[in-house]
Every structure is written in C-alpha cells, then in structure tokens.
Amino acid sequence: MEQFYTIQGEGFNTGRAAYFIRLGGCDVGCVWCDVKESWDADAHPRQAVADLVAAVLAHPGRNVVVTGGEPLMHDCGPLTAALRAAGCQTWIETSGAHPLSGTWDWVCVSPKKFKAPRPEVLAAAHELKVVVFNASDFAWAEAHAAQVPPTARLYLQPEWSRAAGVTPAIIEYVKANPRWQVSLQTHKYLDIP
C-alpha cells in the first residue's frame, strides 16, 4: 500500500529509525483503524520484492517494519529472506490472526477483539501491544499476556481518539501491574508518518 522511512513511533522500538512497508489487505476490521484504506488488497499494486529492498537500501537505516492492513495475509517469506540477505532487521506488526510466515527479528502482536490471534503467533511474540479503547480491555490484555512467552514485553497503548479518557486509567493500571508498560503513538505527537 505504501512505504516510507521514518521513526518507529510505538512499542519497544520507539524512537528508532525504521523503513515501513505497509502491505494492503486486512480482514480484521477494527472500527477505530486509522488506515482503513489498507483493507482492500486489490486497491494497491503488487511490487517486486527486489524493488522493495532497493527502496529500503536507499536510506541509511536497516530496521524494516512490515505492517498493514494485516501483513500475515501474505506469505512474508520471500520478503524477509531478501531483506535479511541485504543486512536488514525484520520487524513485523500483526494482529496475529493469520499464520506466521517469514523470518523475523522482532514480532509485535497487537491482538484485536474483532478476529482472535492464533496461539502459535502469540507464542512467537517478542512484544504484546494492546490498544486500550475501554476499561474491559485490561482483562482482555491479561488474557493474551498469559499466552505470550514470559520474556515478551507487554504494552498498553491508548486508542488515539480516546487517549484523553483512557490514558489516566492506563497509567494507574501500569502502576498497579508493573510488568506492563505504556506505549504512546509518538509519531502522532511528532506529526510524522
């Protein structure tokens, strides 16, 4: 759908230079999705893996975030193999609703209530990032935290349009449950992609 070089704005790798490859196609359908134009895979032209890698290599950073839409609707194996061969770190941001494909240096699972994550994807997570829309999301986050490895980093992130209302509750929750951390969409505060 799109690609761009920027600063990772969320989760564990916040603040690091990263090249984003946003794949078209999503069947999860979050009502609060801020990239709904990514949902229709056919609306976006397919690109050769070699062209994507060349675009990455035009920039000095070697961290590549593959996101969506839902990137695991695609076979990510050829893309990650080519990126790794070019000396890149491969990071994915996924809902976990589809089988894991590709070879990843960092797996961020952001499960959505609209389509459950697969247990094998949760088991591969380095990071669990739960978007908090309302108070019931804390119990839902804990249910998923029980399914990721004990070494996985745990993040609660306010849904952007409700940040003013839910951020105080997230802060209190993290203070009471310190294995969790707060994740903010810093790229939105910085007004960058």
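Of the 193 residues in this protein chain, 47% count as buried, where buried means under 20% relative accessible area, exposed means over 50%, and partly exposed is in between (1.4 Å probe, protein chains only). Before going further, keep in mind that this is a predicted model: local features need pLDDT of at least 70, side-chain atom pairs count only at pLDDT 80 or more, and totals for chains, interfaces and linings use all residues. Residues are numbered from 1 along each chain as its sequence is written, and side-chain values use heavy atoms, with hydrogens and water left out.

## The overall picture

The protein chain has six helices and eight strands; here helices (H or I, at least four residues) and strands (E, at least two) are DSSP runs, numbered from the N terminus. If you walk along the sequence, the pattern reads β-β-α-β-α-β-β-α-β-α-β-α-β-α.

How big is the box that the C-alpha atoms fill? Along the principal axes, the box is roughly 45 × 35 × 30 Å. A compact globule with 193 residues would have a radius of gyration near 16 Å, and the protein chain agrees because its value is 16 Å. That radius is taken over C-alpha atoms, and the globule rule is 2.2 Å times the number of residues to the power 0.38.

Now for contacts, meaning heavy atoms within 4.5 Å. Take the contacts between residues at least 6 apart in sequence: 59% of them join residues at least 24 apart.

As for charge, the mean positions of the 16 positive and 19 negative charges are 5 Å apart. Lys and Arg count as positive and Asp and Glu as negative, while His and the chain ends are not counted. Each charge is placed at NZ of Lys, CZ of Arg, CG of Asp or CD of Glu.

## Inside the protein

In soluble globular proteins, nonpolar side chains tend to be buried together. A nonpolar core is a set of buried Ala, Val, Leu, Ile, Met, Phe, Trp, Tyr and Cys residues joined through side-chain atoms within 4.5 Å. Which residues have the most contacts inside the largest core? They are Ile21, Val64, Leu128, Leu156 and Trp180, in a core of 36 residues. Apart from that one lies another core of seven residues, including Phe4, Phe20, Trp106 and Cys108.

Not counting residues up to four places away in sequence, Leu156 touches Val130, Val132, Phe138, Ala141, Ile170, Tyr173, Val174, Trp180, Gln181, Val182 and Ser183.

Which peptide bond is cis? The one from Gly68 to Gly69, with omega near 25°. Gly69 sits in the loop between β3 (63-67) and α2 (77-85).

Then there's Asp191, which has a positive phi of about 60° although it is not a glycine. Asp191 lies in the segment after α6 (186-190), and its 70% relative accessibility makes it exposed.

Leaving aside neighbours within four places in sequence, His187 is in contact with Gly9, Glu10, Ile192 and Pro193.

Asp42 lies between β2 (17-22) and α1 (49-57), and at 71% relative accessibility Asp42 is exposed. Asp34 is also in the loop between β2 and α1, but Asp34 is partly exposed, with a relative accessible area of 46%. Skipping neighbours within four places in sequence, Asp34 contacts Gln185 and Lys188.

Over in strand β1 (residues 2-7) you'll find Glu2, which is partly exposed at 33%. Beyond its neighbours within four places in sequence, Glu2 is in contact with Phe20, Ile21 and Arg22. Ala17 lies in strand β2 and is partly exposed at 28%. With neighbours within four places in sequence left aside, Ala17 contacts Tyr5, Thr6, Ile7 and Asn63.

| Pair | Apart in sequence | C-alpha to C-alpha |
|---|---|---|
| Asp42 and Gly24 | 18 residues | 7.7 Å |
| Asp34 and Trp140 | 106 residues | 21 Å |
| Glu2 and Glu127 | 125 residues | 24 Å |
| Ala17 and Gln157 | 140 residues | 20 Å |
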